[in-house]
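Trainee: Please take a close look at one part of this model and describe it in a single connected answer.

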Amino acid sequence: MSPPTLPYARELKLSASVVVRFTPRSTGVEIIHQQGFVYILSDLFLICEKMSLNDRVAAGVVGPDMRLCYPPLSGKVLKVTEVPGQGA
């Protein structure tokens, strides 16, 4: 996640367990990631999913416990807005 050629320090801003639910316009078929996990880094937005035990075993003993669901989005395309009644 932090290649040696990166000219700045990438920072974790937020991580959270989530359920991701959306319907792509291209297929019209709803996709649900029940074990979703969102990472917001200083310059990237990542949507991951916790892997099942079977998937982890197939990946190897020291394999990953999460997989990246979609290509990373650049942080510059994100817009953060407060949802009334949901603030801290």
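Mentor: Patches are built from residues with over 30% relative accessible area and no salt bridge, joining like charges within 9 Å and nonpolar side chains (Val, Leu, Ile, Met, Phe, Trp, Tyr) within 5 Å. A salt bridge is a side-chain nitrogen of Lys or Arg within 4 Å of a carboxyl oxygen of Asp or Glu. Accessible areas are from the Shrake-Rupley method with a 1.4 Å probe, and for residues only the protein chains shown count as cover. This is a predicted model, in which local features need pLDDT of at least 70 and side-chain atom pairs count only at pLDDT 80 or more, while totals for chains, interfaces and linings use all residues. Residues are numbered from 1 along each chain as its sequence is written, and side-chain values use heavy atoms, without hydrogens and water.

One nonpolar surface patch consists of Leu73, Val77 and Leu78, which together have about 250 Å² of accessible area. Val77 is in the segment after strand 5 (73–74); strands (E, at least two residues) are DSSP runs numbered from the N terminus. Val77 has a relative accessible area of 57% and is therefore exposed (exposed is over 50%, buried under 20%, partly exposed in between; 1.4 Å probe, protein chains only).

In strand 2 (residues 31–41), His33 is buried, at 9%. Its side chain makes a polar contact with that of Glu49 at 3.3 Å; such a contact is a pair of N or O atoms within 3.5 Å, where within protein one must be able to donate a hydrogen and the other to accept it, and residues adjacent in sequence count only if both atoms are side-chain atoms. Leaving out residues up to four places away in sequence, His33 touches residues including Val18, Cys69 and Tyr70, contact meaning heavy atoms within 4.5 Å. Ile31, also in strand 2, is partly exposed at 29%. With the sequence exclusion of up to four places, Ile31 touches Val20, Arg21, Phe22, Pro24 and Tyr70.

How values were computed: Helix = DSSP H or I, 4+ residues; strand = E, 2+ residues; numbered from the N terminus.
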